[in-house]
Structure formats: structure tokens, C-alpha cells
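Open the model in your viewer and keep the selection tool handy.

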Amino acid sequence: MLLQVIFYIAIAAEAMTAALAAGRRKMDWFGVCVLACVTALGGGTMRDTLLGHYPLTWVANPYLLLICCGAALFTIALARFMDALKWPFLLLDALGLVVFTIIGCNIAIELGLSPIIIIVSGLVTGIVGGILRDVLCNDVPLVFSSELYATVAIVSGVLYYYGLQWGLPHDLVVVGVIVIGFSLRVAAIILKLEMPKFVYDKELR
Amino acid sequence: MLLQVIFYIAIAAEAMTAALAAGRRKMDWFGVCVLACVTALGGGTMRDTLLGHYPLTWVANPYLLLICCGAALFTIALARFMDALKWPFLLLDALGLVVFTIIGCNIAIELGLSPIIIIVSGLVTGIVGGILRDVLCNDVPLVFSSELYATVAIVSGVLYYYGLQWGLPHDLVVVGVIVIGFSLRVAAIILKLEMPKFVYDKELR
Amino acid sequence: MLLQVIFYIAIAAEAMTAALAAGRRKMDWFGVCVLACVTALGGGTMRDTLLGHYPLTWVANPYLLLICCGAALFTIALARFMDALKWPFLLLDALGLVVFTIIGCNIAIELGLSPIIIIVSGLVTGIVGGILRDVLCNDVPLVFSSELYATVAIVSGVLYYYGLQWGLPHDLVVVGVIVIGFSLRVAAIILKLEMPKFVYDKELR
């Protein structure tokens, strides 16, 4: 299944970008592996914990942890070539965002949850890994202030849910959502599309 | 039911103060909404996750997410008037703290848990939202070092539990706890009542 | 049971080191108690939440919270003697790390989980409390960059699991793992053994 293949590629890509973030904090190899696992699998873990959906994906399939650690250690070995790989990473990350979102929506649909929660489930799956990475690196999460990212997850989730609701064939919806979501994210990076910022500089208390 | 009405008002008030915190970090509109939801609903979410009490409140009632996002976006629109609203916010926040605590205690009582856990359940419901807000904003949580706040939740929880234990009518206990807890919190703000601080400035390791 | 006794001592020791960390952030007495509970009980809480293993240890045994708060307040009272206690703390912490790991492995074994997850369960139990402490103190977690710590948990978990697999008597395995894990940690502190660091100083995005 296409979704499954892209899922594994995206997991590895997320783990690799997390490894680079760990390297910027001068973490040791263990820290690099933990940050890779948390970033790549944290979104799904948070979703399943919030929905009470056990066992977690990586508890059922522990080799996912090995993929993350392997990708992280591979990144350490190849760190000096990473500069040249900026664009491939951004593209894989964009693909992963959309695929994670679709998978998150699917879980909520299977659990028979309401439309809002289906979209939130996709959103959580898509973005929480990066939020946990930034918290562990002691940063304000990037996703709250940079180019369209969460918006891509929300748009993808809405299109996926309503695509299925309108009775379109499942494979068509998946491919369509991937194409649209991926294009939107890439356009956001190139054109520096951002949500409007809210700037408030008074202390309330 | 009075408790229910105050609950919704408190959720909105929490979301609005979180939106201002997001504005101080120059987050975009999406970040503002996420921070509002996490702050307003995070305490109950943490409580239910710790107690294994599923489904979570906002999964069962997804419109709570819409209330939070609506209150957050409303705050962006009205940001320049927020200065004048400092006191109304502080009062609503105080009211919310006590009501969240009572609701948290109720959940633990329904689950048949022990007195300590009932009070901890109220405490977690009351304060964890603010802790998560501060972690996502990259601050040391305010609740660990400012005017009496957690103490108000603990006192409210103890009074509520023993009020019910002593066989007092439920409505009387609720109103009594709200009056006492609210007054204590307001007194703490005005008189700058604080817990003693523990200051230790040596590195142990 | 020896494991149980060391468990309580280790809980208290973790709570006391957390109290000192709270003191360095000038937290109030409430903050000190919360940080103590989160640090001492956070690893087991995270493990049980990830594995869906309810009720949590401290919900079933709420007096654990009292032990943590008591140890934390005791630390405040005796803070000026703490300097002299650096080594006892480091030793108790090392002992606690191995015992927490063994207990975490046991839970996963009882749940019939796979070898990787058994070792991850021990690891999470051993190190997550300290990670949560560092996040709440607004630090990058120490465990990602200091002397061998997580490695000790992983080695202890692997030895424990394979010791039992090889049919060795349970008590022998427990004692053996404690001796080896404790020695490894103490050696790491004295000899400043560290995992290799990954240093990467370019921005990928």
C-alpha cells in the first residue's frame, strides 16, 4: 500500500531532521536517538493517548523504534553531506506531514468519532512530533510561528474527510489529498506564506 | 446548572489569557488557537489521561475546541482593549480555578478514588493548563513561584471533599467552596500573598 | 522484598534532588513538592500511560505522593547540609536508576510485550522523571548530554531480560543487574564516561 511505504519514508525523514536538531544542541548519540523517536513517533503517540487507542503503534511494531534510531545514527555518519540535502528533506517532510495527517484521520474515523475530532486527530498526528522536539530542545515550537504547516494538516484533513463523505473512491481521495497538501506546503515554503501573526507586548499580570 | 455555566465562562476566559500569552511570543493565529485550547482544556485532559478516564471531555464535546478558538480569535480582534480588562480576567480566572478544581474532584469521586487522589485530581484540573501554556511558551511555570494559586486549588479541593463527607447539601458545598476559594485567590492577588520560596544556589552535580 | 525497599529509598532520593533543582529556580514550597512528585513518579507515570497500564502506581498507592512531598520539604529544611551529601545522593540516584529500570521491565514482561518494548519500558521508567524535571525547569534535558545514564538503564534492562530468558533464578538476576548497573553508573561518574556527542552547527531550514 502506497500510504504505508510513504509512512516509513516519512518516519525516517522526520527522525533525520530531528537528529540534526539534536546535533545543534550538542546532544550525545543516545539523545539523538531519543529525539528522533519522539519526533517521528510522538504525533501518533499523543493522538493514541488522547483517544485511548491502545496499544500504541510503536508498542505493536517495535521495529519502528529501530528505524528511527537507525535513521538518526545514519544522519550522524553523513552529517557533513546534509547541507546538500536541504530540499529533499523539506520535500519528504511535506509528504510526511500529509501522510501522517491522513493516517491520523483514519484512526479517528475507525473509532467512529465526530468530524471535528477526525480533523484534530489528523492535525495532532501531523504536528505534535515537531512540538515535542522543540520543547525538548528548549525552543518555542516552530509550528506556532513559521510558514504554513499546521494549516496544511488542517486543509488535508478537511479535504480527506469530505472527500470520503462525498463518496469518492478511497484511493482517489488519498492521492488527491497528498497532491494538494504537498503542493500547498511546498508553495508555502517557496513563497514564504505565513498565517498572520498576533503580536501583543503588554504584560496582563 | 450553575457549575456548567461557570465552566464555559472559565474555559473562554482561560483561552483568552492564553491568547495574550501567545501574542507576547508573536505566535501566528494557529499558534494562538492551539495555545488557547491547550491552556483551557489541558488540565482536564491531563487528569483524564492520568486516571484512564476516557473519552476526554473535548473528544466527547468537540464544540469546546470551537469555544476556545473563538475566544482566542476574539482576543486578537480586541487586543488593544485588553489592558482595561485586566481585573475582569483575573476575577474570571480565579472563578475558573475553583470551578475546574470542583469538577476535577467530582470525576475522581465518581471513579471511587481515595481522598488524596480526589484532591490531586482537582489540583491537576485547576493548574496543569497553565503549566502546559508556560512550557510551550518556554517559561518556567508561573504557578511554581507566584501568588497563591495552587494553594487555592488544594484548599478548595479539601473543603469540597470534606464538605460532602460531612453530609452537607451538595449545592451548599459548591457555593461555599466557590465563595471561599474565590475570596482566597483575590486576597492573594491584592495582598501579594505567596508561599515561602526555596532558594538554593549551589550545583549539586 | 529488597526491590521494594530500594524503590522507596530511590523515590525519596529522586524527590530530594528534584527539590534542590527547584530551589535553584527559586520555586515556592508548592513548586518544590510538584517538581519532586513529577521527578520521582514521572517515569512510571509515562510508562503506564504509554502502555495503557491503569491505574497508575501513585493513584493506587497515594502515599507515594506524601513520601515525595515529605522528602522535598525535608530537603528545604536541611538545604545547607546538602553540599556534604553530594556523594550519597549520587549513589542513591544510581541505585534508583537501576531499580526503576528493573521495575519498568517487569511491568512490560507481565503485560506480555516484546523484548524491545520491555527494555524501552525500563528505560522510560528510569529516565523520564529527570527529563520532565528539566523541561519544567526550562533546561535541555541533562540525560541527553551528560555522563552515561540512559546507557546504564539500557544495559541493565538488556541484562535483566536476557538473565531471565536464560533461566537464571530471579533473585540472582536482580542482584546481579543491580551490582553491574550500579557499578557502571558510578564508574561513569568517576571516570566521566560519556557517549560520543553529535555536534552540528548549521541550520537546515
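A residue counts as buried if 20 or more other C-beta atoms lie within 10 Å of its own, exposed if 12 or fewer, and partly exposed in between, with C-beta atoms placed from the backbone. A word on what you're looking at: this is a predicted model, where local features need pLDDT of at least 70, side-chain atom pairs count only at pLDDT 80 or more, and totals for chains, interfaces and linings use all residues. Residues are numbered from 1 along each chain as its sequence is written, while chains are lettered from A and ligands numbered from 1 in the order in which they are written.

**Stop one: A72(A)**

Select A72(A), which sits in helix α4 (residues 63-77) of chain A. Helices here are DSSP runs (H or I, at least four residues; strands are E, at least two), numbered from the N terminus. Is A72(A) buried or exposed? With 28 other C-beta atoms within 10 Å, A72(A) is buried.

Now show its neighbours: leaving out residues up to four places away in sequence, A72(A) touches A15(A), A19(A), V32(A), C33(A) and A36(A). Touching, or contact, means that the C-beta atoms, placed from the backbone, lie within 7 Å.

**Stop two: two helices in chain C**

Hop over to chain C and colour α2(C) and α6(C): they pack at about 135 degrees, their axes 7 Å apart. That makes α2(C) oblique to α6(C). Oblique is what's left after roughly parallel (under 35 degrees), roughly antiparallel (over 145) and roughly perpendicular (65 to 115). The axes are lines fitted to C-alpha atoms, for helices over the stretch in contact, and angles run from 0 to 180 degrees between N-to-C directions.

Among the residues making this contact are L35(C) and V38(C) of α2(C), and S121(C) and V124(C) of α6(C).

**Stop three: where chain C meets chain A**

Show both chains. How many residues does each give to the contact? Chain C brings 29 and chain A brings 33. On the chain C side, α2 (29-51), α6 (115-136) and α7 (150-165) each give two or more residues, and α6(C) gives the most, with four. Only 10% of the interface residues of chain C are also interface residues in chain A, so the copies meet through different surfaces.

**Last stop: the axis**

Chain C can be laid on chain A by a turn of 120 degrees and a shift of 0.0 Å along the axis, with an RMSD of 0.0 Å. That is the relation of a three-fold axis. Finish on N138(C): in chain C, its C-alpha is the nearest to the axis, 3.8 Å from it. The superposition is by least squares on the C-alpha atoms of residues with pLDDT of at least 70 in both copies.

Key. Contact = placed C-beta atoms within 7 Å.
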